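Hi,

Here is the structure I promised to pass on. Have a look first, and my notes on what turned up in it follow below.

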Amino acid sequence: MIECARIVSRSHKMVHMSSTTAGSAPSAPLPVTKAVVLARGLGTRMRAASPSSAGAPAVTDAAVEAGAKGMIDVGRPFLDYVVSALADAGITRICLVIGPEHTMFREHFDSLAASGELARVTVSYAVQAEPLGTADAVAAAEDFAAGDRVVVINSDNYYPVQALRRLVALPGAGLIGFDRQALLARSNIPPDRIASFAVLEQERDEQGRLLMRDIVEKPTADQLASLGPQAPLSMNAWLFTPGIFAACRDVTPSARGEYEITDAVRLDRSRGTEYQVVPAAAGVLDLSRRDDIASVRAALEGVEVSL
């Protein structure tokens, strides 16, 4: 397997862009076959015990204790289901952004490759040396992208395959916008957590496309009321064009001291990239806390994994 190189410097990096010769018609976009899975998070909420878990049997899963959410056993490692869904959507090459200490990811997927179980996808790795934020994590996968469009998703969410298929079918950049009521009804995510999810401001252009105008993170009650109940939610399921990598390098740290992917998206959009919204009235499984493990395991029971 080829390991993706981590971006060491945030100051410069050549981005490979496709071009057309003078007078030629623009070529159709190439199919999207690459995905980046962000698995570098510290897993602070997963490692912490919650009030509702008091009195429950002790968790002995090493992945839980390490905060490596994608490797938590929910019948088999959660990332197996995530990777299988990506393969169902047409993805054939996957890059896991991990930390230098995350050997369990390498051991698991390298073992699957050696045994021949990885029949539909290849898995490689990009190392984010420090957890400096989601934009820095995406930047670590620039060599893997190599000028191609890439899907970028979280490692602790299981997204509906049909929504992923619609995302990869876009001609440019975009993201999935999830219906709030569908998330409440069809996910394992409690209402208070959903209320804190980023909300999309969108508009319809002359061609009838839904385009993202802005993204409001951790919206206040007043902001939610202003945007209305129909405003879709973002769960970090993106399709990026090559320009995102320059934006990831150019953003400044947020108030919490991290390089945020949402800030990079705003910068990329200000430079001319349009982000089309894929509406999805569907549920998403979230594995960010210990309390989520049982519900995720139950929801995935019977789901076939094909890697």
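A quick word on naming: helices (H or I, at least four residues) and strands (E, at least two) are DSSP runs, numbered from the N terminus. Keep in mind that this is a predicted model, so local features need pLDDT of at least 70 and side-chain atom pairs count only at pLDDT 80 or more, while totals for chains, interfaces and linings use all residues. Residues are numbered from 1 along each chain as its sequence is written, and side-chain values use heavy atoms, with hydrogens and water left out.

The chain has 13 helices and 11 strands. Of its 307 residues, 50% are buried (under 20% relative accessible area; exposed is over 50%, partly exposed in between, with a 1.4 Å probe and protein chains only).

Now to helix H4, residues 103-115. Phe 105, His 108, Phe 109 and Leu 112 are buried there. They sit on the same side of H4 because they cover an arc of only 80 degrees around the axis (taken from the directions from the helix axis to the C-beta atoms). Glu 107, Ala 114 and Ser 115, on the other side, are exposed. The buried set packs against helix H3 (78-88), strand S2 (93-98) and strand S3 (122-127), where contact means heavy atoms within 4.5 Å. Just past the end of H4 comes Gly 116, with a positive phi of about 85 degrees.

Helix H12 (residues 261-270) buries Ile 261, Thr 262, Ala 264, Val 265 and Asp 268. Those residues fall within an arc of 155 degrees seen down the axis, so they line one face of H12. Their packing partners are H5, strand S8 (210-216), S9, helix H11 (243-250) and strand S10 (275-280). After H12 there is Gly 272, again with a positive phi, near 115 degrees.

A search of the whole structure gave 2 cavities of 30 Å³ or more; a cavity is a set of points, on a 1 Å grid over the protein atoms alone, where a 1.4 Å probe fits but cannot get out, and lining residues have an atom within 4 Å of a point. The largest cavity has a volume of about 50 Å³, meaning the space filled by probe spheres set on the points, which are joined across faces, edges and corners. Its lining includes Leu 38, Asn 154, Trp 238 and Ile 261. Strand S9 gives the largest share of that lining, 3 residues.

Notes. The expected span of a helix is 1.5 Å times one less than its number of residues. On a 1 Å grid over the protein atoms alone, a cavity is a set of points where a 1.4 Å probe fits but cannot get out, and a pocket is an open set with protein on both sides within 12 Å along at least five of seven lines; lining residues have an atom within 4 Å of a point.
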